[in-house]
Amino acid sequence: MKTRTLLRLSGSGLRTFLSRGKRPLVASIILTERCNLACRHCAVHDTNGVLYPYMSVRADMQTLLDKGVRILFFYGGEPWLWHDAGKTLSDLVREAKSMGFLLVNVVTNGTIDLDLPEADLILVSVDGTREHHNLIRGSSYDRVLANLRNAPARNICLYMAINKLNQVDLEAVSRLARDLPKVKAVSFNFHTPYPGTEELALSAAEKRDCCDRLTLLLEDGCPILNLRSVFPYLVANNWPRPCRQCIIMENGRSWTCGRCIDIPGLCETCGFFFAAEYSLLFSGRPRIVWDFARSYLRWL
Ligand code: SF4
Ligand code: SF4
């Protein structure tokens, strides 16, 4: 990350902290729910299949910028499938940067060419070894790995949702992140048990075991973009939620933290590390602020 970007982000982060949670810093825009996969743990696959209009996406970007958001993620479905009014994902990323977002990132299933050097970070889902990834995401592992190897820029972070089927694979995915030249790091989440996917959720003991193993991997120098200081809160499930510094927009509608906030009881079993990390970060705990600065400077 460039020093100038880091300084500007620190200023925005400080304003968010001083606003006591009223000013969001991080946002996601859903471009479409259309997707070319049908993963076992998915809650949104092709709910409506619509590609949202460019003018609506543009208006959402302006709304977020006006609220103070400076870190933007484009999400799907599969965001690479989005196009409208002659614009593609690449145009949106460039436009977001020219509007004033400091970091512009994309979350993808990685099955389409990862040719997007203008993005700051591309989060690519790899849900374990070939066997477990394909069990969860359909037969897509080899395509994703080929795209990771052929990507034109080193702006990629692997993204793994840990569940009952793939919890043995933390070490394999961490090593993959370390060894692939275009990959900077890997970021983990626990599976969040959306209705119909509850059987994939980890028990408290399994979460503890995963956090212990992630700690060992971090000590071994693996590029893991998660905060070790937050692991005890994830295991005890006692972090403050929803995360008021995060916002999500879809075709003009907005939600605090995630659309999942509308699902009764889901927040109590949330597995999204980012929600715990950001909400604890902005509660001002010095150890977490230090861990955040160190991890993000080290890996991004
Ligand atoms: S790639 Fe993402 S949106 Fe598509 S089915 Fe899988 S989890 Fe759902
Ligand atoms: S805390 Fe609730 S709204 Fe936020 S990501 Fe978790 S489940 Fe979704």
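Within β10, T256 is the bridge partner of I247 (strands are DSSP E runs of at least two residues and helices H or I runs of at least four, numbered from the N terminus). The model is predicted, so to speak of local features takes a pLDDT of at least 70 and side-chain atom pairs count only at pLDDT 80 or more, while totals for chains, interfaces and linings use all residues. Residues are numbered from 1 along each chain as its sequence is written, chains are lettered from A and ligands numbered from 1 in the order in which they are written, and side-chain values use heavy atoms, leaving out hydrogens and water.

Strand β9 (residues 246-250) pairs with β10 in the antiparallel sense over four bridges; pairing requires at least two DSSP bridges between two strands. Both belong to an open, mixed sheet of eight strands, ordered β8-β7-β6-β5-β2-β1-β9-β10. Because β8 (183-190) and β10 (253-256), at the edges, each have a single partner strand, one side of each is left without a neighbour in the sheet. On average, neighbouring strands of this sheet are turned by 25 degrees against each other, direction ignored (axes are lines fitted to C-alpha atoms, for helices over the stretch in contact, with angles from 0 to 180 degrees between N-to-C directions).

Turning to H41, this residue sits in the loop between β1 (26-30) and α2 (54-67). H41 is buried, with a relative accessible area of 11% (buried means under 20%, with a 1.4 Å probe and protein chains only). Among the residues that H41 touches, beyond four places away in sequence, are D127, H191 and L200 (contact means heavy atoms within 4.5 Å).

Notes:
Buried < 20%, exposed > 50% of the residue type's maximum accessible area, 1.4 Å probe, protein only.
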